[in-house]
Structures are given as structure tokens and as C-alpha cells.
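Please keep the sequence at hand while reading.

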Amino acid sequence: MKRPLAGTLAAGLLGAAALTGLAATPAAATSADAQQDRPTSASPQRAAAAPDFEGSVALSNCSGSLVSLPDSQPSEPALVLSNGHCLEAGMPGPGTVVVDEPSSRGFTLLDASGQDAGTVSAVKVAYATMTDTDVSLYQVGESYEEIESEYGVTALDLDAEHPVAGNDITVVSGYWKETFGCAIDAFVPELREADWTMKDSLRYTAECETKGGTSGSPVVDDASGKVVGVNNTRNENGEECTLDNPCEVDENGNVTVHEGIAYGQQTYLLAACVGKGNEVDLDLEGCTLPKP
């Protein structure tokens with residue numbers, strides 16, 4: 001995980017290109033990288049079929065997306081999805097869960113072509129953690145219908161079902177205005193990076209060469225157009241279980257390392273934990289996200 005691009009995190013999870021938003025800026029962007037500002041595709045051969053940028057957002061140091069849960073209503077406060085390691089307060093320690101924490105963070109909305117469509121601001125961090133996963137969910141001050149009316153941007157739908165290995169996916173970075181196309185290679189029982197452990201992580205095929213600043217990007221299933229994960233790290237140097245160099249641990253405790261391979265965290269678990277009013281409720285039946 002790369003520390004947020006601005007370098008606000010002292011020890012970014014997942015190296016500068018690892019946690020695609022953490023790393024030395026958990027996969028967060030660097031000033032040199034930030035010079036690129038035109039929408040591009042990291043996989044030209046897939047560009048025609050890849051999802052566009054509508055619904056993606058840019059944070060100060062990472063990427064994210066405006067997401068709608070299965071039961072979300074147009075009149076309810078909208079939610080923005082990113083990584084836990086991208087929090088403005090820094091990366092949560094192992095075992096830490098943030099719930100209903102006030103926030104005024106701004107998010108730049110992108111239209112389908114990758115152009116800036118406007119800015120919305122958070123009212124709180126509804127949920128965030130780096131325990132078992134690496135996710136943050138912000139609630140903003142505008143509803144979905146207000147955002148669509150004012151900015152012409154529609155939220156991405158979050159899939160409530162477990163993703164499928166082999167499916168084509170696209171990592172859409174609002175920070176870089178760039179897409180990365182590949183497929184889901186496998187599901188990793190445990191992904192360890194420095195002091196953090198993530199469970200049932202998405203391993204991408206090698207084509208998704210993510211980098212700092214892509215942390216928090218939505219992982220979109222190409223066929224359904226729905227969000228199935230959130231991009232968060234990459235093994236940068238082939239090291240084992242160190243910051244920016246996550247390692248895989250199987251059911252028998254065997255450790256393997258895949259240098260250059262990137263990972264994301266599944267997001268279907270969020271669907272069971274968001275209830276009436278689009279509020280996170282960890283006591284809902286079926287909600288298995290880590291609790292404070």
C-alpha cells in the first residue's frame with residue numbers, strides 16, 4: 001500500500017505503487033507522476049470495452065468512486081468509496097475501525113470523458129479500516145439526485161455478490177484519469193503487508209500495472225459495469241510481507257510472493273452493512289465487516 005501521494009502518511013502501506021494509493025503514498029501519486037492529466041488507458045487493446053470515468057473521483061492523494069448500494073435511494077446522501085490507507089488522518093493501525101468520524105474532505109467528480117465535473121465534500125467518514133480489508137466509505141453532503149442534477153454525474157452501482165475469477169475488470173483511477181484493464185486471476189486467503197492482514201483479496205493478472213495514486217480506485221467488472229472491489233496494493237520489489245511488498249498466505253500457512261502483481265479488496269461485504277438512510281449499520285443481520 002503506498003502512502004497517500006502527498007506523503008502525509010509516515011509509512012504508507014503497500015509501497016509507492018503497491019497499495020495503489022498507499023505506498024510511499026500507498027499507491028498514492030507522486031509530484032512527477034502528477035504531471036500526467038489527460039485521460040488515457042494503460043491497456044489500449046481493451047480501451048473500447050473498458051468502463052468510462054463517470055462516477056470516479058479524485059482525492060488529494062488517492063482515487064475513489066461515487067457508489068450506490070443496492071438499497072440506496074436517489075434522495076439519500078451519496079457515498080464515496082476509497083481505501084482505508086487513504087484517510088486524511090493517516091492509515092488506521094491493525095485492529096482499528098473508524099465509524100462516523102466528522103470530515104470535510106473534498107472530492108473531484110469526473111464525467112465520462114475524464115474531465116472535472118465539479119466538487120463535493122464529505123460530512124463524515126462513515127466507515128474505514130485496514131483490518132481484514134482496506135476500505136473507506138465517506139458520506140457527502142449531497143444526495144445522488146442532487147449530484148446528478150447539478151453535475152450530470154451518476155454513481156456507480158456496487159455489486160452485492162462475490163466477484164468471479166477470470167472475469168475481465170478495469171481499475172479506474174480518478175487521480176490519474178487513467179484506466180488499467182486485466183482480469184481477476186484468483187482470490188487470496190490472506191494478503192499480508194507490514195503490520196496489516198487482508199482477507200479474500202483480489203489478485204489481478206499482470207496487465208494491471210497500477211501505481212501510486214491509484215489506491216482507492218474502483219475495480220469495475222467489465223461485463224456488468226458494477227464495482228466489485230477497491231484497488232489497494234502491489235508487490236513492488238519482490239520482498240516478502242514488507243511495506244509495498246504484500247505476500248500471499250494460503251490456508252496451510254504457506255507464503256508466496258508475486259513481484260509486480262497488484263491486488264484489490266472485495267467490496268460486496270459493504271452491501272450488507274448499509275441500511276436505512278444510506279447509513280452504515282454494523283449491527284445489521286449479515287454484516288461481517290470488522291467492528292470497533
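E248 and R203 are joined by a salt bridge, with 2.7 Å from N to O; the term denotes a side-chain nitrogen of Lys or Arg within 4 Å of a carboxyl oxygen of Asp or Glu. This pair links distant parts of the chain, since E248 belongs to strand 15 (residues 247-249) and R203 to strand 12, 45 residues apart. Strands are DSSP runs of E with at least two residues, helices runs of H or I with at least four, and both are numbered from the N terminus. E248 counts as buried because its relative accessibility is 6%, and R203 is buried with a relative accessible area of 16%. Buried means under 20% relative accessible area, exposed over 50%, and partly exposed in between (1.4 Å probe, protein chains only).

The model is predicted: local features need pLDDT of at least 70, side-chain atom pairs count only at pLDDT 80 or more, and totals for chains, interfaces and linings use all residues. Residues are numbered from 1 along each chain as its sequence is written, and side-chain values use heavy atoms, without hydrogens and water.

The structure holds nine salt bridges, among them the following.

| Salt bridge | Closest N and O atoms |
|---|---|
| D132 and K199 | 3.7 Å |

D132 lies in the loop between strand 7 and strand 8 and K199 in strand 12 (residues 196-204), so their bridge ties together parts 67 residues apart in sequence. D132 is partly exposed at 28% relative accessible area.

K124, at 14% relative accessibility, counts as buried, whereas E279 is partly exposed at 29%. D100, K124 and E279 are linked in a network of salt bridges.
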